[in-house]
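Please read these notes with the model open beside you. The points are numbered so that each can be checked in turn.

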Amino acid sequence: MSSVSRPTVHPVEAPPLTDGPQNALIRVRMKDVQGMPGTRGSLSLRLTQFVFGLVSICVMATTSDFRSVTAFRYLVGAVCVQILWSLSMAIVDIYALLVRRSLRKQIIFRLFTIGDGIISTLTFAAACASAGITVLIDNDLDKCSENHCARFQTATAMAYISCFAMMPSFLLNFWSLASQ
C-alpha cells in the first residue's frame, strides 16, 4: 500500500422531477435575485442607466454654453463614463442571458461592485455640482433668461435618475459579495 490519499465520493441528492411540461418551470436558486448580474432585472437596470445617461448627455450637448461652466463639463464627462460602463455591463448581461450562464464568480462580483460604486459616486457628485450651479444661475443670479436653465435642469435631473438607477445594481452586487 502506498501512502497516497484516496479521493472519496459523497452522494449528491438529485433534484425532484417535475410532473410534466406544464410544471417544467426553470428552478431559480436563491442567489438569482433579479437585479444581480446575468438576470433580466440587471439588464433592465443597465438599460435604464444607459437611456437616462444618454438623454442627459444629449440635452446638455444641445446647449451652446455648457462648456463655460466646469461643473457642466464634469457632468458630461462623468455621464459619458457612466454610459460606457452601463452599456458594457448590459452587453455582459445579454451574453449571460443568451448562453444561460450565471455570473456568480467572486471576481465578477468584485468588478461589478467596485465599478458600480465608483461610477455612481462620480455621477452623483457631477449631478450635485451641476444642480448647485443651476440653482446659482436661476435663484441667486437671476440669469435664466440669458442661459439655458431648463436644459441644464433637465440634464441634471436625467443624471440623477441615471445615478439612482445604478444604486440597486451596486447594492445587490455589494450584498452578494458580502454574503459569499
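This is a predicted model: local features need pLDDT of at least 70, side-chain atom pairs count only at pLDDT 80 or more; totals for chains, interfaces and linings use all residues.

1. D116 and R46 are both buried, where buried means under 20% relative accessible area, exposed means over 50% and partly exposed lies in between, with a 1.4 Å probe and protein chains only. Their side chains meet in a salt bridge, at 2.7 Å from N to O. A salt bridge here is a side-chain nitrogen of Lys or Arg within 4 Å of a carboxyl oxygen of Asp or Glu. D116 belongs to helix α3 and R46 to helix α1, so the pair ties together parts that are 70 residues apart in sequence. By this rule the count is 1 salt bridge. Side chains of opposite charge can pair when their charged atoms come close.

2. Residues are numbered from 1 along each chain as its sequence is written, and side-chain values use heavy atoms, with hydrogens and water left out.

3. The chain has 4 helices and 0 strands, in the order α-α-α-α. Helices (H or I, at least four residues) and strands (E, at least two) are DSSP runs, numbered from the N terminus. Of the 180 residues in the chain, 37% are buried. A contact means heavy atoms within 4.5 Å; among contacts with a separation of 6 or more, 79% are between residues 24 or more positions apart.

4. Which residues touch the most other members of the largest nonpolar core? They are M60, F66, F72, L75 and V79, out of 20 residues in that core. A nonpolar core is a set of buried Ala, Val, Leu, Ile, Met, Phe, Trp, Tyr and Cys residues joined through side-chain atoms within 4.5 Å. Two or more residues come from each of α1 (40-61), α2 (70-98), α3 (106-140) and α4 (149-179), and α2 gives the most, with 7 residues. Apart from this core lies another, of 7 residues, including W85, L103, I119 and M166. In soluble globular proteins, nonpolar side chains tend to be buried together.

5. V79 deserves a separate look. Leaving aside neighbours within four places in sequence, V79 is in contact with G53, S56, I57, T123 and A159.

6. T113 is in helix α3. Is T113 buried or exposed? T113 counts as buried because its relative accessible area is 5%. Not counting residues up to four places away in sequence, T113 touches F170, N173, F174 and L177.

7. C80 sits in helix α2. At 33% relative accessibility, C80 counts as partly exposed. The C-alpha atoms of C80 and L54 are 8.0 Å apart, although 26 residues separate the two along the chain.

8. Helix α2 has 29 residues and reaches 42 Å from its first C-alpha to its last. That is close to the 42 Å expected at 1.5 Å a residue, the expected span being 1.5 Å times one less than the number of residues. R100 follows α2 and has a positive phi, near 55°.

9. V99 lies in the loop between α2 and α3. V99 counts as partly exposed because its relative accessibility is 38%.
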